[in-house]
Protein chains: 2
Amino acid sequence: MSLLVVGSIALDSVKTPFGERDDALGGSAVFFSSAASILHPVQLVGVVGDDYPAHALEQLAGRGVDLGGVERAEGASFRWKGEYSYDLQNRETLETHLGVFAAFDPQIPEEFRDARYVFLGNIDPELQLRVLDQIHEPALVACDTMNYWIHGKREILLELLQRIDVLLVNDAEARELSGDWNVYRAARWIVDAGPSMVVVKQGVYGAVLYESDRLFYIPAFPLEEVFDPTGAGDAFAGGFMGHLARTDDVSPDNLRRAMVYGSAMGSFAVERFSIDRFNEIGAAEVTARVREFAELVRFDIEPDDGRLSATASAAEGGT
Amino acid sequence: MSLLVVGSIALDSVKTPFGERDDALGGSAVFFSSAASILHPVQLVGVVGDDYPAHALEQLAGRGVDLGGVERAEGASFRWKGEYSYDLQNRETLETHLGVFAAFDPQIPEEFRDARYVFLGNIDPELQLRVLDQIHEPALVACDTMNYWIHGKREILLELLQRIDVLLVNDAEARELSGDWNVYRAARWIVDAGPSMVVVKQGVYGAVLYESDRLFYIPAFPLEEVFDPTGAGDAFAGGFMGHLARTDDVSPDNLRRAMVYGSAMGSFAVERFSIDRFNEIGAAEVTARVREFAELVRFDIEPDDGRLSATASAAEGGT
C-alpha cells in the first residue's frame, strides 16, 4: 500500500566525539525514506534549494523513493549544524538556516493523493493540516512534532491531533505536550486528545506504544558503539510506517511488529553518520536484527504455575 | 533451596511529593526479605539498635523470614533521611546516622552457613568478603554495591568481584565502576572483572541481564503512579534471588524469569511507602504481574519471512 512522507530535506553538519561531517544528507523526510524504503516504496514530498546536490537525492530514487513531490526552489537548502556531548545524550544546535524550507507549502502531487499510509514529519502543524486536506482517504496517518510547535502553535497542534491516528514523539515532547512528567499518564493524555495511539520514543531506553487499553514496550537495540544519534527518531518512524504499509495490516499484533521494525531502523541510523548505514544494509540485515530483538526480550512463564502458590503458602507459615 | 541475605536494617524517613513518613522500616536486607519471602523463605543477617521497634521485625518473621541472624546491639539503629524531587528521578540524602551499623561485623549463624543462594546487600565490600568466608558452598552469590565503595574501596571490591556470580548495580554505578558511559560496554567490563553475569538496573527504564554471550532486557512495569522509589533495587534483588532459590535452577531461561520477578517486585516496592505494599500482596498478585510483563513485551515475528525480501527487492528496482 502506498506510503507518503512529508517533511524536511536538509544538509546536516554534525560533530560527535567520533568525528564530524559537513553538509551530509539529513532531514526528517530523508531519514524516514532511507529506512522505510528498505521495507516498502516511498513517496516523498519536500523542498530543496538550488544548491542541493542532485546526486544525493538520486541515491534515494535508486532505492525505491519516488521524488515526484520534491520541489526545487530558488535559494539555499535547509541547513542544520549541531554537536553532541561525549556520551551522545545531549546535543547543542549551533546553527539553523531554514532557507527555502521557511516558505515550504507542501503540494501533494495528484498521483500521491491516494496514499494509504501517511507520515507527517516534524514541520509546522499548519502545514501538516494542509497536507491532510490534500489526501483522499488515508488508512493511517502518523505524525511527529517538537517542543517548538508545542509551545508556539498549541491550538493548531491540538486540532491536528484529532485528525491523526498515531503521534510519534519523544518522552520530553510527550511531557511538554501533556504537562505531566509521568510518561504513561502523558501518553493517556495524548490519546484522550485525539489519536488512537501514541508512540513515546525514549532514546537508548526504547519506545512505548500506548493505546487506551494496551501497552507495548520495545527496548532500544543494545549497541556498544553509537556513532551519531541524528535521525534515529525519523528512522524509527520509517521502520514503523514502512512495515505497516508493506503488510497493510493495522491489527494490534502487527502494530507491535511495526514497533520492532521501528526500533531496528533507529538502531541502524545511529551506527553511522547521516543515512550512511542505510546504504549498506538490505532486507536481510533488518530481518536479522528483528530476530535479535525477539531473543533480547524473550521469556517464558513457568510451565507449572502451581509451584509459586504452594511454596508461598509454606513461606507464609513461617520458620 | 536456602536463601540468605546480609545487609542493612534501617529506619527511613522519606519525603516524596505525595507525603512523608518517619522511621519506617527500611534498609537493603528488609526490602530484599519483604519481596523475596513472597516467593521463598529467607534467612536474614543484620544488626539493629536497642531502639528498633520489635513488632516491626515480627511482621517479617510472620512471613517466612528467619531472624536468627539479626543481632540486637546497644545503641541507635541505622537511620536514613531523604527527599525526592517532584518527578521522583532525583533524591537528596538529608541525614545518615550509621549508629550500630558502623560497627557491623556480620556473623553468619551456623545453621545459615549452608545457604545455597546468597545476596550481599550494599555494605562495605570487606564485610561482604567476610560473609563469603563463612558460607560453605553457595550455588549462586549475588552482590550489590554503591559509588561510595567504588571510589573508596576499589581494590577490595575488585577482589570481591572475582568471588561472586552476579553483580546487581544501577547504570550510574556500572558506569563509575567501569569508567565507561556506554552501559553495554560497562557491563562487558564488569563481566571481564569476575562475575559471570551483571544486572544493570535502570530505574523506570527497566533492567538488563548481561552475560558474555547473552543479553536479556526487561522493562520496568508501566506505572501511572509511583509513590516512593526507596528500596526498589533491593526489592528487585529479592524477586530475582527469591525466584532462583525457589526453583533452584540457574539455567539461562530461568535467569530470564528471575529478571521478570525482580522487575515485578521492584514495581510493587514503589507503589507505597516502605515495605507497605509487600504486606498487601501475595503469590497471586506477583503471578498476575509477571503475566502482564509477558503481554507488555510480547510480539511474534511474521510467519512469512519471504515477504520482506520479495518486497524489498521490488523496491530496489525503484520507481
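Colleague: Before we start on the sheet, what does it take for two strands to pair?

Modeller: Two strands pair if DSSP finds at least two bridges between them; please keep in mind that this is a predicted model.

Colleague: Which residue in β3(B) is the bridge partner of Asp12(B)?

Modeller: That partner is Ala24(B).

Colleague: And in what order do the strands of that sheet come?

Modeller: The sheet in chain B is open and has four strands in the order β3-β2-β6-β7, with mixed pairing. Because β3 (19-26) and β7 (91-97) of chain B stand at the edges with a single partner strand each, one side of each has no neighbour in the sheet. From one strand to the next, the twist averages 15°.

Colleague: Switching to chain A, at what angle do α8 and α9 pack?

Modeller: Helix α8(A), residues 232-247, and helix α9(A), residues 252-269, pack at about 140°, and their axes are 7 Å apart. Angles over 145 degrees would count as roughly antiparallel, so the angle here makes α8(A) oblique to α9(A).

Colleague: Is the crossing left-handed or right-handed?

Modeller: The crossing of α8(A) past α9(A) is right-handed.

Colleague: Which residues make the contact?

Modeller: On α8(A) they include Phe236(A), Phe240(A) and Leu244(A), while those on α9(A) include Met259(A), Tyr261(A) and Phe268(A). Sorted by class, the contact between α8(A) and α9(A) has 13 nonpolar, nine polar and one charged residues.

Note on methods
Residues numbered from 1 in each chain as written. Chains lettered and ligands numbered in written order. Predicted model: local features only at pLDDT ≥ 70, side-chain atom pairs only at ≥ 80, totals over all residues. Helix = DSSP H or I, 4+ residues; strand = E, 2+ residues; numbered from the N terminus. Axes fitted to C-alpha atoms, helices over the stretch in contact; angles between N-to-C directions. Parallel < 35°, antiparallel > 145°, perpendicular 65-115°, else oblique. Left-handed = near helix turned anticlockwise from the far one by under 90°. Contact = placed C-beta atoms within 7 Å. Nonpolar A, V, L, I, M, F, W, Y, C, P; charged D, E, K, R; others polar.
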